[in-house]
Amino acid sequence: MTRPETPPATPDEMAAIHAASFTTPRPWSAREIADILSSPLCFLLAESDGFLIGRAVAGEAELLTLAVAPASRRNGQGARLVQGFVQQAAILGADRAFLEVAADNAAALALYRSTGFVETGRRRGYYVTATGAAVDAITMSRPIALQHPTKT
C-alpha cells in the first residue's frame, strides 16, 4: 500500500486499511464505517496510514476499532492514536475506557498494555475466523485522567 500524503478521510479509504488489517474480526465495509461515524457519540482520529474510531457516552469511552496499514506498523502510529483516543475521551467526559480484542492478536494486546489497558475479562468464542474457528475476545479497560501541565 502506498503511503497517502494525508490521513484516510473517506470511509472507502478507511475500509481499505481495515481490510488490510483484519481477518478476525472481519473487516468493516465503507458503509459500516460511514454508519458508525454518523453517530454524534462517535469520533475519528487519523494518521497517515491508520485510524481509530471511538465512542464516548455516560462517562465511558469505547475504542471501537484501530487499524494501521501493515506496511506502516511499528512506527508509533497505533500508540499515538490510542493516546489521542484517551485525550479525546477525557475531553468528552469519560472517566474509563474499554475495548475488546481478539485473544490471538498479540501485537494489539502489546499495544494496549503499553498504553495502560489491563485485561478485565474474556468472552469465550466471541469471534469466528473465516475457517469457522472460535477465538476469545479479551476485554480490557483503563482509567482516564486528562493530564494538565503542572504550574511552577
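## Fold

Four helices and six strands make up the secondary structure of the protein, where helices (H or I, at least four residues) and strands (E, at least two) are DSSP runs numbered from the N terminus. Along the sequence the pattern reads α-α-β-β-β-α-β-α-β-β.

This is a predicted model, in which local features need pLDDT of at least 70, side-chain atom pairs count only at pLDDT 80 or more, and totals for chains, interfaces and linings use all residues. Residues are numbered from 1 along each chain as its sequence is written, and side-chain values use heavy atoms, with hydrogens and water left out.

## Overall dimensions

The C-alpha atoms of the protein fill a box of roughly 55 × 40 × 30 Å along the principal axes.

Buried residues (under 20% relative accessible area, 1.4 Å probe, protein chains only) account for 41% of the 152 residues. Of the contacts (heavy atoms within 4.5 Å) with a separation of 6 or more, 55% are between residues 24 or more positions apart.

T65 lies in strand β3, which spans residues 60–68. T65 counts as buried because its relative accessibility is 5%.

Leaving aside residues up to four places away in sequence, T65 touches H18, F22, W28, F51, L52 and I53. With H18 there is also a side chain to side chain polar contact at 2.7 Å. A polar contact is a pair of N or O atoms within 3.5 Å; within protein, one must be able to donate a hydrogen and the other to accept it, and residues adjacent in sequence count only if both atoms are side-chain atoms.

Note on methods. Buried < 20%, exposed > 50% of the residue type's maximum accessible area, 1.4 Å probe, protein only.
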